[in-house]
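This briefing goes through selected local features of one structure, grouped by topic. Please keep the sequence and the model in view while reading.

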Amino acid sequence: YQCDIDIVNVDGLPEQCDSDVASALLAAYKAIEIPDVELHISDRRILYSFMQYIDHSGDEAAITRTLDK
């Protein structure tokens, strides 16, 4: 199955909207009783934030190159 939700023509949208879309997707799947739904998020901002948290913020290029292989 596949389900997409997009927010269109909105300038200056807070990043919280991304999590709202993910939450809406999961709620929709639950409402129509599709079992075992997994949500995969691919957003380098999350990775970069994590690298900054573990004090590897200068290694973005090398780390993302390794993960992409």
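Helix H1 gives three residues to the lining of the largest pocket, which is the largest share. The model is a predicted one, in which local features need pLDDT of at least 70 and side-chain atom pairs count only at pLDDT 80 or more, while totals for chains, interfaces and linings use all residues. Residues are numbered from 1 along each chain as its sequence is written, and side-chain values use heavy atoms, with hydrogens and water left out.

**The largest pocket**

- A pocket is, on a 1 Å grid over the protein atoms alone, an open set of points where a 1.4 Å probe fits, with protein on both sides within 12 Å along at least five of seven lines, and its lining residues have an atom within 4 Å of a point.
- The largest pocket holds about 280 Å³ of space, where the volume is the space filled by probe spheres set on the grid points, which are joined across faces, edges and corners.
- Both H1 and H2 supply at least two residues each to this lining; helices here are DSSP runs (H or I, at least four residues), numbered from the N terminus.
- The lining consists of Glu15, Asp18, Ser19, Ala22, Leu39, His40, Ile41, Ser42, Asp43, Arg45 and Ile46.
- Sorted by class, the lining has four nonpolar, three polar and four charged residues, with Ala, Val, Leu, Ile, Met, Phe, Trp, Tyr, Cys and Pro counted as nonpolar, Asp, Glu, Lys and Arg as charged, and the others, Gly among them, as polar.

**The loop between H1 and H2**

- Glu33 lies in the loop that runs between helix H1 (16-31) and helix H2 (44-53), and its phi is near 55°, a positive value in a residue other than glycine.
- Glu33 counts as exposed because its relative accessibility is 69%, given that buried means under 20% relative accessible area, exposed over 50%, and partly exposed in between (1.4 Å probe, protein chains only).
- Asp36, in the loop between H1 and H2, likewise has a positive phi, of about 55°, although it is not a glycine.
- Asp36 has 77% relative accessibility and therefore counts as exposed.
- Val37 is found in the loop between H1 and H2, and with a relative accessible area of 33% it is partly exposed.
- Leu39 is found in the loop between H1 and H2 and is partly exposed, because its relative accessible area is 37%.
- Leu39 and Val8 are 31 residues apart in sequence, and their C-alpha atoms are 21 Å apart in space.

**A nonpolar surface patch**

- Leu26, Val37, Leu39, Ile41 and Ile46 make a nonpolar surface patch of about 430 Å², the accessible areas coming from the Shrake-Rupley method with a 1.4 Å probe.
- Patches are made of residues with over 30% relative accessible area and no salt bridge, and nonpolar side chains (Val, Leu, Ile, Met, Phe, Trp, Tyr) are joined within 5 Å, whereas like charges are joined within 9 Å.

**The salt bridge**

- One salt bridge is found in a search of the whole structure, the term meaning a side-chain nitrogen of Lys or Arg within 4 Å of a carboxyl oxygen of Asp or Glu.
- Arg44 and Asp68 form a salt bridge, with the closest N and O atoms 2.8 Å apart.
- The pair links distant parts of the chain, 24 residues apart, with Arg44 in helix H2 and Asp68 in helix H3 (residues 60-68).
- Arg44 is partly exposed, at a relative accessible area of 38%, while Asp68 counts as exposed at 55% relative accessibility.

**Other positions**

- Gly12 has its place in the segment before H1, and it counts as exposed because its relative accessibility is 78%.
- His56 lies in the loop between H2 and H3 and is partly exposed, with a relative accessible area of 35%.
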